[in-house]
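Here is a short briefing on one protein model. Keep the sequence and the 3D view open while reading.

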Amino acid sequence: MRRPVKNRNIAKPDLEFESDKLGKFINYVMESGKKNTARDIVYDTLKYIKEKTEKDGMEIFELAIKNTSHA
């Protein structure tokens, strides 16, 4: 029987919205360890979405994640 895994790298929530999913998405966008650049890109995109659609950017993000997931 295998031993249980003790150390898992769990993505921390993002700083602005405290969302675990957004924190994981920022890590996915990040290249070469440039996390602040990735945060700027994601946050600017959410603000742009809010300006264009008059809806909350996080609401649109959650809907997009739901639409692309299998569950």
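**Loop and backbone**

Serine 32 sits in the loop between α1 and α2. The model is a predicted one.

**Positive phi**

- Serine 32 is not a glycine, yet its phi is positive, at about 55 degrees.
- Serine 32 is exposed, because its relative accessibility is 74%.
- Glutamate 18 is not a glycine either, and its phi is also positive, at about 55 degrees.
- Glutamate 18 belongs to the segment before α1.
- With a relative accessible area of 56%, glutamate 18 is exposed.

**Serine 19, ahead of α1**

- Serine 19 is in the segment before α1, a helix that covers 20–29.
- Its relative accessibility is 9%, so serine 19 counts as buried.
- A polar atom of the serine 19 side chain lies 3.4 Å from the backbone nitrogen of lysine 21.
- Beyond residues up to four places away in sequence, serine 19 touches Pro13, Asp14, Met58 and Glu62.

**Aspartate 14, buried without a salt bridge**

- Aspartate 14 also lies in the segment before α1.
- This residue is buried but has no salt bridge.
- A salt bridge needs the charged atoms within 4 Å.
- What does the side chain of aspartate 14 make a polar contact with? The partner is the side chain of tyrosine 43, at 3.0 Å.
- A polar atom of the aspartate 14 side chain is also 3.4 Å from the backbone nitrogen of glutamate 16.
- Setting aside neighbours within four places in sequence, aspartate 14 contacts Ser19, Leu22, Gly23, Ile26 and Tyr43.

**Aromatic pairs**

- The whole structure holds 2 aromatic pairs.
- One of them joins phenylalanine 17 and tyrosine 43 edge-to-face, with 6.0 Å between centres and 65 degrees between planes.
- Phenylalanine 17 is in the segment before α1 and tyrosine 43 is in helix α2, so this pair ties together parts 26 residues apart in sequence.
- Phenylalanine 17 is partly exposed, at 33% relative accessible area.
- Tyrosine 43 is buried, at 10% relative accessible area.

**Nonpolar core**

- In soluble globular proteins, nonpolar side chains tend to be buried together.
- Which residues make up the largest nonpolar core? Its 8 members are Leu22, Ile26, Ala38, Val42, Tyr43, Leu46, Met58 and Phe61.
- Two or more residues of this core come from each of α1, α2 (35–53) and α3 (57–68).
- The biggest share is from α2, which gives 4 residues.
- Leucine 46, a core member, touches Phe17, Leu22, Gly57, Met58 and Phe61, not counting residues up to four places away in sequence.
- Tyrosine 43 belongs to this core, and its side chain also has the polar contact with aspartate 14.
- Met58 is another core member, and it is among the residues that serine 19 touches.

**Proline 4**

- Proline 4 is placed in the segment before α1.
- Is proline 4 buried or exposed? It is exposed, because its relative accessible area is 64%.
- From proline 4 to lysine 35 the C-alpha to C-alpha distance is 30 Å, and they are 31 residues apart in sequence.

Key
Residues are numbered from 1 along each chain as its sequence is written. This is a predicted model: local features need pLDDT of at least 70, side-chain atom pairs count only at pLDDT 80 or more; totals for chains, interfaces and linings use all residues. Side-chain values use heavy atoms; hydrogens and water are left out. Buried means under 20% relative accessible area, exposed over 50%, partly exposed in between (1.4 Å probe, protein chains only). A polar contact is a pair of N or O atoms within 3.5 Å; within protein, one must be able to donate a hydrogen and the other to accept it, and residues adjacent in sequence count only if both atoms are side-chain atoms. Contact means heavy atoms within 4.5 Å. A nonpolar core is a set of buried Ala, Val, Leu, Ile, Met, Phe, Trp, Tyr and Cys residues joined through side-chain atoms within 4.5 Å. Rings of Phe, Tyr and Trp (its six-membered ring) pair if their centres lie within 6.5 Å; planes under 30 degrees apart count as stacked, over 60 as edge-to-face and the rest as tilted. Lys and Arg count as positive and Asp and Glu as negative; His and the chain ends are not counted. A salt bridge is a side-chain nitrogen of Lys or Arg within 4 Å of a carboxyl oxygen of Asp or Glu.
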